[in-house]
Amino acid sequence: MDGKGKKYTIIIICLSVFFLLAGRLYKLQIIDQMEYGLESRKNSIRKIEVTPPRGLMLDNKNKIVVDNLPSYALTIIPKKFDRNKISEVGKLIDEDTIRIGELIDKPQGTNRFNPIIIKRRIEFRAISYLEENREIFPGVDYKIESIRNYPINYRGSHIFGYIGEISDAMLEKQEGDYYRQGDLVGITGLEKYYELQLRGEKGVKLVTADVNGKILGSYNEGRDDIKSLNGSDLYLTIDSELQNYCERLLGGRRGAIVVMNPNNGEILALVSKPDFDLTIFSGEKDNETIAALFSNPNFPMFNRVIQTRYPPGSTWKMMMAMAGMGSGKITPGSTISCGGSFTYGGRTWSDHGSYGPISVVKALEVSANVFFYKLALMIGLDNYNKYSKMFGFGTKTGIDLPGETSGLVPSTEYFDKVYGEGKWGKGLLVSLGIGQGELGVSPVQMVAYTSAICMNGIYSNPHLVRQIKNLNTGKDEIVEIKQRKIELPASYFQAVKRGMYLVVNGGSGTARNVKSGGYSLAGKTGTAQNTKGNNHSWFVGFAPFDNPQIAVCVLGENQGWGNEFAAPLAAAIMVRYLSNYSEDVYSELNESPEIRD
């Protein structure tokens, strides 16, 4: 190569090196600086999701019965967390390291950049230590959240319900993306039914933080924050003093009590026993205790007021009376002959006594089985089904609690399905006439039916919330009272009510043992046969007779005769309420004579 060629080669090499260095310098100073600057700003600004406090619950005297307490929860961002620190974190919060590892491994994809809750109700000393040592705990943080508190002297377990961490199944089914793993949601009771109103709306707070994650302050003085909106408050119909009294009356026995204002459907008390302590679900889980609750053979998590499906026994006889008169098979004054037993299709059913020809009023007073055996055959299954549904049976009442049963009212279609078309006989109607057989009702259905009778056919839907107060808008939503009219003549209701009055106040009434000297109580006893133990004890009633202000249903599982267990409780509840809590007659009523129904 000559000198000229060498010269050009050197120039080309120099130019190549120059452009290579210039390109690298441009990338470092311009492009990478933009990217690193953007990443630096991104890392220095943190977005914190702000969960608002849930709405409060207040009783019918505006006393707070469910509120919130502040609590600390430890969180970890899986993508940023140093797994070598698991044992230190576990020791700090007194948590099993295996469980921490499982929680960290659970999120997938981009969810690994979101903080997950590791443990709730962390002690303040742990939070203080974390604040002072953030540099050794990358990805570890905490949040302040609200846990439920119950400043009351009763439980109300099946009214209020409880909140818990949202499940994977619930996350998958949610509409939109409001909820994240670890969020608290209503699981049962009013907490679940009014979840959308109680939860409020989340907000976002932007803060600046150093390289170790320590928060330095608000970003842009909070101008870019999205304010959270507190949940709405629920104003309940519950009378706390009556609720406390009812819970104490039922004690440790299995059963249910529901008390309603028949004028508007407001539930004054609702008790299902056994119940449970709601604070078990407030804050950090005690898995052992919770597992014991769900495996308890007495089913404390089961709401007997709205979920049972038991035969109502003789408390059903008012419905039979209305169906008999409504279908034109009897009148308020007509009679049916009642001997001591009734035979049909080769089978004989017994009665409490022999009464001769009696009217529907007398039949209710003495609870004459033969009267209603015969009446059931007279009205037939189609009328039976028709009038049962008029009084709200075989369908949900619409009470504002999740999980309500519709119950069961047999129909021709039902019996055809169970026994085969045309393979069942009218003998099935005999037991149905006295509230036995393949008939299932809940206490809330029974109290609504009793209320409709005492209000001359005005059926009010039971409800627990009377008002919803939105603190963000200042607007109050008054819950609509849903009522309908059962179109039957007033004379029919008067006859049935007269019979119920005599049950308590008549000389032959099956609940004459609970007659009150100061208040005119009316009602009906019932004893439902049970193939798996003692019979179930029922009573439904209302008071005062001439101006009803309270309706009640008491169910005692395996408690025997209606007049011996349920009637004394129901009468004591009505007297307690009407006396403005100045009288407690339960102990004196509990000594019942030998009356059977």
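1. A quick convention before we start: for two axes, an angle under 35 degrees counts as roughly parallel, over 145 as roughly antiparallel, 65 to 115 as roughly perpendicular, and the rest as oblique. Axes here are lines fitted to C-alpha atoms, for helices over the stretch in contact, and the angles run from 0 to 180 degrees between N-to-C directions.

2. On provenance: this is a predicted model, where local features need pLDDT of at least 70 and side-chain atom pairs count only at pLDDT 80 or more, while totals for chains, interfaces and linings use all residues. Residues are numbered from 1 along each chain as its sequence is written, and side-chain values use heavy atoms, with hydrogens and water left out.

3. Now the overall picture. The chain carries 20 helices and 23 strands; these are DSSP runs, numbered from the N terminus, with helices being H or I of at least four residues and strands E of at least two. Of its 597 residues, 51% count as buried, where buried means under 20% relative accessible area, exposed over 50%, and partly exposed in between (1.4 Å probe, protein chains only). Among contacts in the chain with a separation of 6 or more, 71% come from residues 24 or more positions apart; contact means heavy atoms within 4.5 Å.

4. By class, the contact of helix 12 with helix 18 has eight nonpolar, one polar and no charged residues. For the classes, Ala, Val, Leu, Ile, Met, Phe, Trp, Tyr, Cys and Pro count as nonpolar, Asp, Glu, Lys and Arg as charged, and the others, Gly among them, as polar.

5. Another pair is helix 9 (residues 240-250) with helix 19 (residues 566-578). Their axes come within 11 Å and cross at roughly 155 degrees, and the two helices are therefore roughly antiparallel to each other. Helix 9 passes helix 19 in a right-handed crossing. Glu-241, Leu-242, Tyr-245, Cys-246, Leu-249 and Leu-250 of helix 9 make the contact with Leu-569, Ala-572, Ile-573, Arg-576 and Tyr-577 of helix 19. That splits into nine nonpolar, no polar and two charged residues.

6. Five strands make an open sheet in the order 12-11-23-22-21, with antiparallel pairing; two strands pair if DSSP finds at least two bridges between them. Strand 12 (267-273) and strand 21 (522-528) are at the edges with a single partner strand each, so one side of each is left without a neighbour in the sheet. From one strand to the next, the twist averages 5 degrees.

7. Inside that sheet, strand 11 (residues 255-260) and strand 23 (residues 550-556) run antiparallel and are joined by six bridges. Gly-255 has Gly-556 of strand 23 as its bridge partner.

8. Two cis peptide bonds to check. One joins Lys-273 and Pro-274, with omega about 0 degrees, and Pro-274 lies in the loop between strand 12 and helix 10 (287-295). The other runs from Ala-543 to Pro-544, with omega near -15 degrees; Pro-544 lies in the loop between strand 22 (536-543) and strand 23.

9. Asn-220 has phi near 55 degrees and is found in the loop between strand 9 (215-218) and strand 10 (233-236); at 33% relative accessibility, Asn-220 counts as partly exposed. Ser-367 likewise has phi near 55 degrees, in the loop between helix 13 (360-366) and helix 14 (369-390). Is Ser-367 buried or exposed? At 0% relative accessibility, Ser-367 counts as buried.

10. Finally, Tyr-194, found in the loop between helix 7 (189-193) and helix 8 (195-199). At 8% relative accessibility, Tyr-194 counts as buried. Leaving aside neighbours within four places in sequence, Tyr-194 is in contact with Leu-234, Asp-400, Val-465 and Ile-468. Tyr-194 and Leu-401 are 207 residues apart in sequence, yet 8.9 Å apart in space, C-alpha to C-alpha.

Methods. A crossing is left-handed if the near helix is turned anticlockwise from the far one by less than a right angle, and right-handed if clockwise.
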